[in-house]
Amino acid sequence: MSVAANSPEVGAPSTVSVVIACDRRARSIPGCLDSVLSQEGVAVEVLLIDDGSNDWTSAVVAAAARTDARVRIVTSGNGGGDGGTAGGTPTIADALASASGEYTMLLNVDDRLAPGALARAAGVLSLHPSVGMVYGGSLPFYSDDAMPGARPETAVPELWQGRDWIAERCRTASMGVASARAVVRTSLERELGDNRTALPPDEALARCLRLATRADIAFLRGVDQTYVVAAPNAVARPGSASPIEDLRLRKATFDAWFSVDGRDLPGAPCLHAMAHRALAREALSVAGSGSGSGRNGGWIDELEVFASLAYAEAGALPFGRRCKQNLSRFMRDH
């Protein structure tokens, strides 16, 4: 377990660095910034990563930094080392290297923080030194002008030992929440580095599995920590167009994690098999419900073949009676 990067003075509010990769989303930046800078009960700094896009993002980022001293623009190679190359495109690792907060949050520029989110998470991290990550529920929103009311209640956090949290993720083969935006100890984030270049396709799941390998996890049940954009112009998750692609992404993520970070975890083979079983069960459930047929009617067979390849005993699961037949046909045709 890593300790906080910068210990606060006694009686001082917790410090949180919020890293936002702007990703050519000029229109989303003001609303995202407002939700962060209006947080109460913590000292906030915002680190904006501008990739040099030409949709007015750079102008909006520069204006934000001039307007509020808590906002800084990340430059490449800010922290030296492997964080980036001087003159190149800045990265998350550059932002983490220069972050002054004891805690850090990586926030999607399209998303928003719920009121009090940072103070709630920082409070848990301050009280529980073994906890490295705190997250909670999310609400969908369509416009900054019509934000839904978040559940702001003070909740008793669910504290999970890292391995137990990983086991629960393997049992369901998913994050279990709409968004894994979390507040993390900065030193722990620095251990992980630039997630966008190091992780397999499902970055959120992979990052959280890596965090749970190193620390305990806290979940704020019954509290909304973030708003997740539901508008059509949001940054789409890769593979979100079909259930089979989403399942493949998650399987690739678990396989990659178990080959490196999770390899030496006690009971790793059983946990890995559990994740495969959960993925196969989900694939068969979608195929059996008919919701995976797609416009061309081709997803049901693919889902059943995926289930058979992911889990050898998929035929014994609910909706699995046709698996062996479809797998034999798949192997013959390929």
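1. Four aromatic pairs turn up in this predicted model. Rings of Phe, Tyr and Trp (its six-membered ring) count as a pair if their centres lie within 6.5 Å; planes under 30 degrees apart are called stacked, over 60 edge-to-face and the rest tilted.

2. One of these pairs joins Tyr-135 and Phe-219, with 4.9 Å from centre to centre and 45 degrees between the planes, a tilted arrangement. Distant parts of the chain are linked here: Tyr-135 belongs to strand β6 (residues 131-141) and Phe-219 to strand β9 (residues 216-229), 84 residues apart. Strands are DSSP runs of E, at least two residues, numbered from the N terminus.

3. Buried means under 20% relative accessible area (1.4 Å probe, protein chains only).

4. Now for Trp-257 and Phe-258: their ring centres are 4.7 Å apart and their planes stand at 70 degrees, so this pair is edge-to-face. Trp-257 is buried at 3% relative accessibility, and Phe-258 is buried with a relative accessible area of 8%.

5. Back to Tyr-135 and Phe-219: together with Trp-165 they make up one aromatic cluster. Do look at Arg-169 too, which lies over the face of Trp-165, 5.0 Å from the ring centre. For Arg, this requires CZ within 6 Å of the ring centre and within 35 degrees of the ring normal.

6. A note on reading the values: residues are numbered from 1 along each chain as its sequence is written. Local features need pLDDT of at least 70, and side-chain atom pairs count only at pLDDT 80 or more, while totals for chains, interfaces and linings use all residues; side-chain values use heavy atoms, without hydrogens and water.

Technical notes
Helices (H or I, at least four residues) and strands (E, at least two) are DSSP runs, numbered from the N terminus. Buried means under 20% relative accessible area, exposed over 50%, partly exposed in between (1.4 Å probe, protein chains only).
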